[in-house]
Structure formats: structure tokens, C-alpha cells
Amino acid sequence: MAELEDLPSVGEKTAQKLRDAGFADMMRLATATPKELSVKVEIGEGVAAKVIEAARKAEKIDFETAFEVMERREDVGRITTGSKGLDELIGGGVETQSITEVYGEFGSGKSQISHELSVTTQLPVEEGGLDGEVVFIDTENTFRPERVEQIANAFGLEIENVLKNIHVARAFNSSHQMLMADKINELIQSGANIKLIIVDSLMAHFRAEYVGRESLATRQQKLNQHLHTLQTIANTYNVAVLITNQVQSKPDAFFGTPTKAVGGHVLGHASTYRILLKKGLSGKRIARLVDSPHLPEGEAVFKVTTDGLVD
Ligand code: GTP
Ligand code: MG
């Protein structure tokens, strides 16, 4: 593989700056945008564009044939949610190379699904996992190792290992949250076999920090950048991304539960799968798949128990 120093217009100094900013990997560099690179590495946008162009050549990034796209799709892995019904609804589990969004009102089970997947990702492939490690970005301080323990127990897994394979980042504000997402590249490059990134919840800090119409554009720009980072990691390293999201009332709906995800079009376009969770009677949860590229809309019913999700 080519080294950063081999790229035209990259000297030893720039190469070091790139590494320090998390662009040690040629593929990571090739998928950066000039703006992102110029901000993070503190170089001019023109130079950044040239460096990216050179990295793309080195990585042979070009048009692909549909056959190549299909081959890449064959690498897509799926992680079980623990509920067969929910797995089927989303095409066999939470997919790598994509962003899956779970949204719903408080107590609908978003954090429960997050905990469940932080365990199931570690299962062997035959059992619906990807034998992988997990990054858990916790923005609401609701990550509970005790809950992981209960679920891991139900799967008969060795608790200590399971806990050691979950890299938890407590994000204190939206900038911190974005920074932690950027740092996942380093974690992977240092050898961690990350197969799932969870952000629970994606919008909480953004919503709290950017209030009022006048800050909306800035918020959406930051959010877009954050999602771009996550999607790039997903593509580059064949990783799944699970984000949870809150709902707001539609101004035109007078009754019923609020069903509109926050985050606007930026988020709507970024997530490949959107799952709306609703609370049902006696602990039941109803999941509805909303706008998926190739799956029919539908619903699945599951329950949250001490052992995790069950049909
Ligand atoms: P917010 O983060 O507040 O928006 O909600 P959320 O969607 O993340 O809700 P969460 O996933 O935390 O769901 C909480 C609900 O899960 C609780 O009200 C319980 O009904 C259920 N739950 C959580 N832990 C357990 C458990 O150990 N056993 C059982 N049976 N249910 C549980
Ligand atoms: Mg929650």
C-alpha cells in the first residue's frame, strides 16, 4: 500500500499533520472533502483538494461497474436485533455500510435496542452477529453496563469480554460528540475490530445547543458533517451505524402520538433505514419501517424484557 509521503505535494511535515488529524489511512483521505481536510489539517482548500485527488488515484477510486457495486454489497454484514420479526422487517438485521435510525417517543425502547445490539454484534456470524467490537457514543448518560450484563447473560456470553468489547464515549456536548466520532478512525486503525457504532441519541445535544430559527442553518451544517463522518467510516471499514432519535409533534396533528423525527432533511437523507418505535399494550413495542430504498413498508411487534428484545 502507498504511504502518505508518496503522494505528490505531501512532504514529511504535511504527512505528519495528516496523521495527527486522523487521516493516517489512504482510504480515509480519499473519502474526505476538501473543506473537511482544510479545517482539520489546517491547510488551504486548494492543497487539500490536490491531496485528496492524489489519494483517490492511489486508491484507484473511480466509477464502478454495477457488478463491482454488487460485489461490495456482498460484503454487507447484518446484525440481529434479537427479535426475528424486527430483523425480517429491516431485511435481516442492522446492516453494515449503512446508517440505521431508530426514532420514537421517550420510553419507546431506543436505548434498549442500542444496548441489545452492543451485545449481539459480538455474537459469532452463525448466531447473527459479526464477531465484532462496538463503539457506543452516549449523549444522554443512559448507557448502563448492568443492562449489557443482563443481555449478555441471556446469550450465555462471557460478561467481562462483552464489556471490554464496548468502547463507550460519554459526549458532553455536540462538539465533543463530533470529535468522538472522528476518533473512531484511530481506534480502528489501532486494531479494534469495530463492527457497530451507536449514537444514542444523535440529536439531543444539537437540539439543546442550537435553539431558535437563526441557528438552524449552522446546526444542520454541523449535523451534516457529523453524519458524513459516520457514513464514511461505515463505507470505509464495512461498519454498521445505529443512531437513535427523538420525535416532535407535527403541527398539523391534533391527536395521536408524535411521529415526526427531528433533524430535518439532512438526517432524513442520511439514514438508509428509518424505524419508528411505538409503545403498545403490556410492554409491547411496534416497529414501523419508514422510507427504505428497497424494502416494503411494514410493521413488527416485539417486547423488551430483562433478557433483551424478544418476539
Ligand atoms: P428516551 O431515551 O427517554 O427517549 O427513551 P428510549 O426510547 O431510549 O427508552 P428506553 O429504551 O430507555 O426504554 C425504557 C423502557 O424499556 C422502560 O420503560 C421499560 O419498559 C423497558 N425496560 C428497560 N429495561 C428493562 C428491563 O430490564 N426489563 C424489562 N422488562 N423492561 C425494561
Ligand atoms: Mg434513551
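Two strands pair if DSSP finds at least two bridges between them; helices (H or I, at least four residues) and strands (E, at least two) are DSSP runs, numbered from the N terminus. The model is predicted, so that local features need pLDDT of at least 70 and side-chain atom pairs count only at pLDDT 80 or more, while totals for chains, interfaces and linings use all residues. Residues are numbered from 1 along each chain as its sequence is written, chains are lettered from A and ligands numbered from 1 in the order in which they are written, and side-chain values use heavy atoms, without hydrogens and water.

**Exercise 1.** Determine the pairing and burial of strand β3 (residues 99-104).

*Solution.*
1. β3 runs parallel to β10 (residues 273-279), joined by 5 bridges; G104 stands opposite L277.
2. β3 also runs parallel to β7 (residues 240-245), again through 5 bridges, and E101 stands opposite I243.
3. Of the 6 residues of β3, 6 are buried (under 20% relative accessible area, 1.4 Å probe, protein chains only).
4. One face carries I99, E101 and Y103, the other T100, V102 and G104, and both are covered.

**Exercise 2.** Describe the surroundings of ligand 1.

*Solution.*
1. The ligand is surrounded by 15 residues (a heavy atom within 4 Å).
2. By class, 2 are nonpolar, 8 polar and 5 charged, with Gly counted as polar.
3. Helix α7 (110-120) is among the elements that supply at least two shell residues; its share, 3 residues, is the largest.
4. Oxygen atoms of ligand 1 lie 2.8 Å from a backbone N or O atom of G107 and 2.8 Å from a side-chain N or O atom of K110.
5. The protein covers 62% of the 670 Å² of accessible area that ligand 1 has on its own (Shrake-Rupley method, 1.4 Å probe).

Notes
Buried means under 20% relative accessible area, exposed over 50%, partly exposed in between (1.4 Å probe, protein chains only). A polar contact is a pair of N or O atoms within 3.5 Å; within protein, one must be able to donate a hydrogen and the other to accept it, and residues adjacent in sequence count only if both atoms are side-chain atoms.
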